[in-house]
Amino acid sequence: MPVSETPARTEKLSRQQYLDLYYYMRLNREVEDTMTRLFRQNKIVGGLYASLGQEAISVGTAYALEKRDWMAPMIRNIGALLVKGVPPRDIFTQHMAKYTSPTKGKDGTSHFGDLENLHIVSPISMLGDLIPVMTGVAMAGRYLGQKIVAMTWIGDGGSSTGVFHEGLNLAASQKAALVLVLENNLWAYSTPVRRQVPLENLADRAKAYGISSYIVDGNDVVAVYTTAKEAVERARAGDGPILIEAKTFRRRGHAQHDPAEYVPKDQRAHWEKRDPISLYEEFLTREKLLDSKGKKEIENRISTLLEQDREFAENSPMPPPETAKEGVYCTGPECHDLQPKWERPIDELLPPKSSVEPVWNVDGFGRGVSSAGGIAPIHFGDVPVAAVAPEKDPAPVRIPAKPQTSPAKKSVAPKKPAKKAGR
Amino acid sequence: MPPITFLEAIRQAMFEEMAADPRVVLIGEDVGVYGGAFKTSEGLLEKFGWERVIDTPISESAIVGAACGMSYLGLRPIAEMQFIDFIACCFNQLTNFIAKSHYLWNAPAPIVVRGPSGGGVHGGPFHSLNPEMYFLHTPGFKIVYPSTPYDAKGLLKSSIRDNNPVLFFEHKFLYRRIKEEIPTDDYAVPLGKAIVRREGRHLTILSYAAMMHVSLEAADALAKEGIDAEVIDLRTLMPLDEEAILASVRKTNKCLVVHEDTKTGGIAAEISAILFEKAFHDLDGPLVRVASLDTPVPYAPTLEEAFLPNAQKVFTAAKELARF
């Protein structure tokens with residue numbers, strides 16, 4: 001884990017990239033500040049969930065994705081949405097439940113997506129559900145030949161859900177091109193991470209799935225970006241899923257209504273001093289990547305954009321009541337029939353032909369012969385094999401056995417096979 | 001063509017759809033190398049390869065979640081539950097994520113979740129479930145529950161081609177017990193259409209899946225008593241073919257619903273409400289329900305027999321209804 005208080009400069013980034021990261025972090029914070037004002041004016045219909053102090057993670061990770069890649073944010077990953085190309089007006093209209101919002105007022109907050117252009121899958125409030133979904137996205141991408149990476153986020157809290165395990169385990173067993181960013185902000189609502197998980201580093205969870213992991217200072221945008229970039233490229237190259245734990249701190253309460261008085265003062269003070277935007281500004285100034293004029297230009301650009309988009313959102317209508325009943329099913333001309341984008345020759349798949357070798361091929365499967373060369377029992381191991389071994393091949397071998405490439409161990413005792421039965 | 005089993009009809013539907021459309025993939029536990037716990041996917045791995053016939057860990061939420069993710073890129077995944085009872089393990093992923101996907105953010109999730117359901121085979125409380133009503137109450141699903149090989153094949157094809165998440169229940173009692181000659185050409189049975197299995201004029205029996213056959217058996221016995229029952233196979237519970245139900249009840253003026261699902265909150269309750277709303281003046285008697293006991297599915301054959309509806313129970317209830 002990088003320990004420097006300010007980021008180190010690296011040759012991996014161009015000047016423009018450094019400035020982009022700054023722009024999006026500032027935009028992220030200004031969007032949220034605007035929404036806080038709207039919330040206080042009672043213009044936000046439901047809750048407001050802030051990412052104050054966590055902007056470097058949303059921005060740094062999403063910035064590592066390419067246009068073709070897919071993402072599924074959590075509710076606080078507004079910065080990731082902005083980087084992927086969502087205009088601030090969509091975020092404002094969503095929170096204000098306007099008819100012009102991406103969900104036409106059907107849902108709020110960051111709960112929206114875009115399958116066709118931006119490749120964003122909408123989050124839901126049940127944490128962890130996105131992990132298997134994005135695993136499926138990665139699997140479909142591989143099948144279509146698209147070479148995409150799927151990225152999603154989870155918190156320290158969400159990492160205790162059952163579907164976190166199911167999803168990551170499936171991704172690992174499929175070697176899916178999934179990058180899972182675990183934002184450890186130390187608090188799941190009012191419960192500190194030490195009362196949720198008996199681990200110092202949540203990245204250690206990766207070991208259980210046999211996948212790679214990184215730990216990164218979540219308040220250092222350059223460290224986050226370079227780590228995410230490496231993870232994304234490794235996943236794209238076929239290394240399987242990768243878990244990144246980004247250490248950070250949730251500076252606001254769970255939502256606007258929560259003053260978070262349960263947070264110890266010294267902990268808060270420590271992290272207030274490590275504001276990711278302030279740290280990055282110091283770095284940019286020191287490295288002469290940004291002067292006061294450049295900073296002013298960025299601020300003007302952001303305030304003009306947000307002023308326009310806030311006006312648009314405030315002046316947008318609420319959805320007409322009669323639209324409440326629309327859209328449960330995808331029917332008629334309203335239903336967009338999503339067509340896959342094949343980037344591999346379709347004649348590889350049609351007409352059907354014999355299978356690609358399955359990855360799990362086991363020599364001698366079903367023939368009573370083990371891959372280690374001995375006799376594998378196909379019954380409970382407490383009966384001598386010879387006594388029950390059928391004289392002829394008992395079962396047709398449905399999958400042609402592939403020669404083992406690695407030398408088989410000779411001394412492995414045949415395992416007692418599980419009885420095939422309903423669970 | 002020789003007659004085929006219900007099981008073979010399911011296999012053929014998947015095979016033919018996968019052969020015709022590379023968007024169709026199958027994902028589930030033991031669906032590949034083993035060919036499925038009931039052999040409904042036998043031969044598919046060899047034909048279509050591991051990218052399209054995907055064996056998974058024991059993770060129902062991950063199975064349907066991944067199927068949903070695949071559908072977002074334009075694929076049409078079929079997710080298998082080894083036994084439909086395990087669909088409860090992925091209830092959240094189905095009802096919160098998948099069912100709401102189109103309504104909330106205009107993202108169709110054209111997946112089929114299918115698996116063996118129902119009792120009568122002494123499967124006990126965890127291998128005999130009829131879970132249709134958990135999902136009927138969740139807006140966003142289509143729910144299909146066929147009773148014949150012909151319908152199983154034709155309805156599964158329609159389900160795979162549908163743009164919505166479809167829950168497709170296969171009654172395992174029927175898997176190997178009924179055979180039917182079916183056409184060799186590519187046919188589909190539309191979702192949302194009931195079918196009259198036996199015409200009659202004295203009363204209407206509405207049913208589906210295994211109970212369809214029980215109802216027909218009861219109708220034969222009723223005929224010997226001079227009671228002419230009309231038997232309708234609902235086939236699809238969502239959308240429910242209200243038109244067919246109302247047309248029959250307006251003719252016979254009496255309605256009996258037979259389902260294997262437990263009684264309270266079963267589809268009969270919903271049909272009862274529909275008839276009260278739309279055919280109140282056409283009814284000459286009470287709506288009668290013959291359904292399973294409001295208990296878990298018990299294991300012992302004597303208990304399971306007491307639990308399930310059978311032809312005798314339907315016969316007795318129908319005879320009582322006919323007196324009105």
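**A loop residue and its surroundings**

Modeller: Lys175(A) is partly exposed, with 17 other C-beta atoms within 10 Å (20 or more would be buried, 12 or fewer exposed, and partly exposed is in between, with C-beta atoms placed from the backbone). The model is predicted, and local features need pLDDT of at least 70, side-chain atom pairs count only at pLDDT 80 or more, while totals for chains, interfaces and linings use all residues. Residues are numbered from 1 along each chain as its sequence is written, and chains are lettered from A and ligands numbered from 1 in the order in which they are written.

Phi of Lys175(A) is near 50 degrees, a positive value in a residue other than glycine. Lys175(A) sits in the loop between α6 and β3 (178–184) of chain A (helices, H or I, of at least four residues and strands, E, of at least two are DSSP runs, numbered from the N terminus).

Lys147(A) tells a related story. Lys147(A) is not a glycine, yet its phi is positive, about 55 degrees. Its loop runs between α5 and β2 (150–155) of chain A. Lys147(A) is partly exposed, with 16 other C-beta atoms within 10 Å.

Now follow those helices to the other chain. 51 residues of chain A are in contact with 45 residues of chain B (C-beta atoms, placed from the backbone, within 7 Å). On the chain A side, α5 (130–144) and α6 (162–174) are the elements that give two or more residues. The largest share, 11 residues, comes from α5(A). By class, that side has 30 nonpolar, 15 polar and 6 charged residues (Ala, Val, Leu, Ile, Met, Phe, Trp, Tyr, Cys and Pro are nonpolar, Asp, Glu, Lys and Arg charged, the others, Gly among them, polar).

What does α5(A) meet in chain B? The axes of α5(A) and helix α3 (residues 60–71) of chain B come within 6 Å and cross at roughly 50 degrees. That makes α5(A) oblique to α3(B) (under 35 degrees is roughly parallel, over 145 roughly antiparallel, 65 to 115 roughly perpendicular, the rest oblique). Among the residues that make the contact are Pro132(A), Val133(A) and Met134(A) of α5(A), and Ser61(B), Ala62(B) and Gly65(B) of α3(B). The residues of this contact divide into 11 nonpolar, 5 polar and no charged.

A cis peptide bond joins Met238(B) and Pro239(B), with omega about -5 degrees. Pro239(B) lies in the loop between β12 (236–238) and α9 (242–252) of chain B.

Technical notes: Contact = placed C-beta atoms within 7 Å. Axes fitted to C-alpha atoms, helices over the stretch in contact; angles between N-to-C directions.
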